[in-house]
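Open the model in your viewer and keep the selection tool at hand. This tour goes from one selection to the next.

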Amino acid sequence: MSGELDTARDDIVFLKALVSEGGQAQSSLGFLLFWAGLLYGVQALFYWGQEAGWFAWPQNLFGLLLTLAPTLIFLVLIGYVVWHDRRQSQHGVATRALNAAFGGAGIASLTTATIFGYLAISRGEIFLWMFHPITIFVVQGTVWYIAFAIRRRIWLGIVSAGWHLSAVAMAVLLNKGLVAPLLLLLGFGLLLLMALPGWVLWRSARG
């Protein structure tokens, strides 16, 4: 009986943490998700415009800077958030779980970028690189499902489903060699499934 009471008490404490945590940690997470989705989503749409023949991407140092710009800007934003939140070290179990999930997704993204980038360059097949965004969508769908399981908010589950369905659609487009539609889906997917939810988390935490 005492064991059941202890378990019930632990569950109540955990549930209280789920509904009460947020604040600066959620604001920072939403801020980074918003900017990551916006930067890389716009970049994907630029690539789509190039693939569709709307304009030619400059093949020089300026073109390289345009390619690296989203990553460079995002690294600066990460540094700002780390500096700004350096004193915000006390978080409960729910916040730590979510931070770990999204942090793990970031590490997975870097790892898959290294793997597919190496294979694409060494084998001279850009086709292999296109598996990278598909993998990212699957990873993000898993992370957002974890957020849904922890927070129990329907919209988080919808976002998770959106990531997974988009990954399947991108695989179908890639198999058919439809690169331009794939890039279009990639761009809007990042804007709608990362930037928009990030903005919601960011603004709700600030509110």
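Predicted model: local features only at pLDDT ≥ 70, side-chain atom pairs only at ≥ 80, totals over all residues.

Leu192 sits in helix α8, which covers residues 179-206.

Next, turn to the aromatic rings. A pair of rings is described by the distance between the centres and the angle between the planes. The count here is 11 aromatic pairs.

Select Phe31 and Tyr80. Their rings form a tilted pair, 6.2 Å centre to centre, with 55° between the planes. Phe31 belongs to helix α2 (residues 23-51) and Tyr80 to helix α3 (residues 61-84). The pair links distant parts of the chain, 49 residues apart. Tyr80, at 43%, counts as partly exposed.

Move on to Phe137 and Trp163. This pair is edge-to-face: 4.7 Å between centres and 75° between planes. Phe137 lies in helix α6 (residues 131-151) and Trp163 in helix α7 (residues 154-175), so the pair ties together parts 26 residues apart in sequence. Both Phe137 and Trp163 are buried.

For the last stop, select Arg152 and Phe148. What sits over the ring of Phe148? It is the charged end of Arg152, 5.9 Å from the ring centre.

Conventions. Residues numbered from 1 in each chain as written. Heavy atoms only, no water. Helix = DSSP H or I, 4+ residues; strand = E, 2+ residues; numbered from the N terminus. Phe/Tyr/Trp six-rings, centres within 6.5 Å; stacked < 30°, edge-to-face > 60°. Buried < 20%, exposed > 50% of the residue type's maximum accessible area, 1.4 Å probe, protein only. Lys NZ or Arg CZ within 6 Å of the ring centre and 35° of its normal.
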